[in-house]
Amino acid sequence: MNLIETRGNDGRRPAQVGFSEAILNPMSSFGGIYVPERLPQLGLEFLRAHLDSDYKTLARDVLAAFELDVDAALIDEALALYDGFDDPSNPVPVVKVRDDLYVSELYHGPTRAFKDMALQPFGAILSALAQRRGEHYLIMAATSGDTGPATLETFKNRPNVKVACLYPDGGTSDVQRLQMVTEDAANLKVIGIHGDFDDAQSALKNLLGSDTFRARLKEKHTLLSAANSVNFGRIVFQQIYHIHSYLELVRQGAIAFGDKVYLDVPSGNFGNALGGYYAMRMGLPVEKILIASNRNNVLTELIRHGCYDLRSRGVIPTSSPAMDILKSSNVERVLFDLYGPERTRELMQQLDEERHYELDADELARLQAIFAADWCDDDEGRRYICETFDGGYLMDPHTATCFKAYDTCRERPLVTIAYSTAEWTKFSPTIANALTGETGARDIDALAAIAARAGTRIPARIQALFDKPVTQGEVIDKAEIEEAVLGFI
């Protein structure tokens with residue numbers, strides 16, 4: 001498989017690259033990112049052949065269809081990391097919550113969030129590629145709360161790799177912050193910044209695109225890559241669980257083989273939704289993809305009205321902070337797939353320079369044929385958490401936004417797969433508030449109260465965070481990021 005550039009080629013870079021090159025160097029011409037030159041067509045026969053497959057077998061064959069330039073032994077080594085999830089035989093349980101609503105639980109990995117599904121194997125592959133090439137890499141990551149812990153977890157103590165992780169100070173839950181600032185591996189650097197996630201992501205993209213920064217790293221015998229979903233090495237793993245979830249519905253008798261379903265995805269940076277879109281394009285029977293947002297509802301406006309407008313907007317802090325994002329990087333890959341590189345470059349450069357763009361009527365119709373969208377405010381989210389808990393299911397506030405989209409966006413009464421992107425333990429004060437009305441509870445107290453009420457346990461990894469010393473307490477202004485990272489290297 002070759003990858004090509006979303007904004008076209010500038011004549012200075014190769015017109016196409018292999019997967020290994022794209023994973024190590026994820027940014028492309030004109031500030032664009034990489035996409036597959038073509039998507040493999042899996043079809044119903046591929047799905048039928050995997051009705052009885054376990055997750056790793058399915059993943060191995062999906063990756064084989066992409067013809068990655070990574071040897072099979074390394075793929076197997078990377079996929080073996082799913083054995084460390086709660087249930088190695090089924091790392092992604094699919095749970096019935098309503099008659100036609102099932103939740104795909106993506107959070108059963110080491111950091112209790114869906115980013116582990118992609119970043120666990122991604123880290124193994126990238127580090128191995130660096131070692132085989134005899135190169136040393138700085139992996140940059142910007143996080144709204146989940147990418148950071150998952151990136152640090154997958155790369156800690158791996159050879160030939162260092163990680164610098166940027167997070168918005170005050171913009172994550174306490175558990176998410178502790179998962180980062182208590183990491184003590186020598187190859188990890190965690191930096192809080194004054195600002196929001198968009199500021200962190202913009203800083204990351206600026207550094208990835210900076211020839212000066214790359215030259216200064218080269219002086220230190222270090223090359224540059226990224227762990228955010230701008231890196232297609234993340235996306236290739238985020239298609240698999242959509243296929244798995246569909247097959248689980250068939251196995252559970254919830255749908256007949258070949259029936260269409262809705263995919264209902266809580267969306268911030270759009271990587272999870274993009275994985276569903278690619279799975280749909282490869283042959284998964286999907287009616288539409290429902291995009292759930294919080295009050296930072298720029299994706300709702302895009303899908304409903306064709307307008308992506310940030311001119312009078314700033315990030316609004318919400319109780320679903322991993323979705324407190326306005327510039328969703330992976331929308332660019334959908335624009336490319338629907339409208340081609342020239343139009344994508346025009347739209348993205350207008351967004352970068354003027355903070356808005358608008359689709360024409362035909363473009364909007366093509367987008368709306370695939371996606372529908374709604375947004376959920378914090379009060380609505382708390383009501384969904386409470387109602388669903390009373391029905392016997394405990395969920396986090398990001399998952400709650402899917403319930404609003406389920407209620408408002410479906411045009412037909414088809415079975416719907418909602419994606420739970422984080423365990424309840426990462427947002428316990430919000431859940432405690434939803435269940436009891438109590439405000440201001442500390443995470444450690446809220447965790448204990450919810451566990452007792454739900455008759456469940458707090459995972460040992462989460463409980464242990466509160467006894468670990470903070471080793472990464474640095475918080476700086478955006479202008480200081482480059483020097484802080486270089487000082488770490």
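**Cavities, pocket and strands of the predicted model**

The largest cavity lies between domain 1 (87-111 + 232-429) and domain 2 (116-229 + 471-488), because both domains give residues to its lining. The structure described here is a predicted model. In total, the structure holds three cavities of 30 Å³ or more. The space in the largest cavity comes to about 250 Å³. Its lining is made up of 25 residues, and those closest to the centre are Phe114, Lys115, Gly268, Asn269 and Ala322. By class, the lining of the largest cavity has nine nonpolar, 13 polar and three charged residues. Helix 12 gives the largest share of this lining, three residues.

The largest pocket holds about 770 Å³ of space. It is lined by 34 residues, of which Arg13, Met27, Ser28, Gly31 and Gly209 are the closest to its centre. The lining of the largest pocket divides into eleven nonpolar, twelve polar and eleven charged residues. Helix 8 (197-208), helix 9 (211-219), helix 14 (331-339) and helix 15 (341-354) each contribute at least two residues to this lining. The largest share, five residues, is that of helix 8. Domain 1 and domain 2 both give residues to the lining of the largest pocket, so the pocket lies between them.

Strand 10 (residues 261-266) is largely enclosed by the rest of the structure, because six of its six residues are buried. Residues count as buried when their relative accessible area is under 20%. In a regular strand, side chains alternate between the two faces of the sheet. In strand 10, Val261, Leu263 and Val265 point one way, while Tyr262, Asp264 and Pro266 point the other way, and all are buried.

Strand 10 pairs with strand 11 (residues 286-293) in the parallel sense, over six bridges. Within this pairing, Leu263 has Ile289 of strand 11 as its bridge partner.

Strand 1 (residues 2-5) is joined to strand 3 by three bridges, and the two run antiparallel. In this pair, Glu5 stands opposite Tyr34 of strand 3.

Asn160 has a phi near 70°, a positive value in a residue other than glycine. Asn160 lies in the loop between helix 6 (147-155) and strand 7 (161-168). With a relative accessible area of 19%, Asn160 is buried, since the cut-off for a buried residue is under 20%. His221 also has a positive phi, near 60°, and is a residue other than glycine. The loop that holds His221 runs between helix 9 and strand 9 (223-226). His221 is exposed, with a relative accessible area of 67%, whereas Asn160 is buried.

Notes: Residues are numbered from 1 along each chain as its sequence is written. This is a predicted model: local features need pLDDT of at least 70, side-chain atom pairs count only at pLDDT 80 or more; totals for chains, interfaces and linings use all residues. Side-chain values use heavy atoms; hydrogens and water are left out. On a 1 Å grid over the protein atoms alone, a cavity is a set of points where a 1.4 Å probe fits but cannot get out, and a pocket is an open set with protein on both sides within 12 Å along at least five of seven lines; lining residues have an atom within 4 Å of a point. Grid points are joined across faces, edges and corners, and a volume is the space filled by probe spheres set on the points. Helices (H or I, at least four residues) and strands (E, at least two) are DSSP runs, numbered from the N terminus. Ala, Val, Leu, Ile, Met, Phe, Trp, Tyr, Cys and Pro count as nonpolar, Asp, Glu, Lys and Arg as charged, and the others, Gly among them, as polar. Domain bounds come from an automatic or database domain assignment. Buried means under 20% relative accessible area, exposed over 50%, partly exposed in between (1.4 Å probe, protein chains only). Two strands pair if DSSP finds at least two bridges between them.
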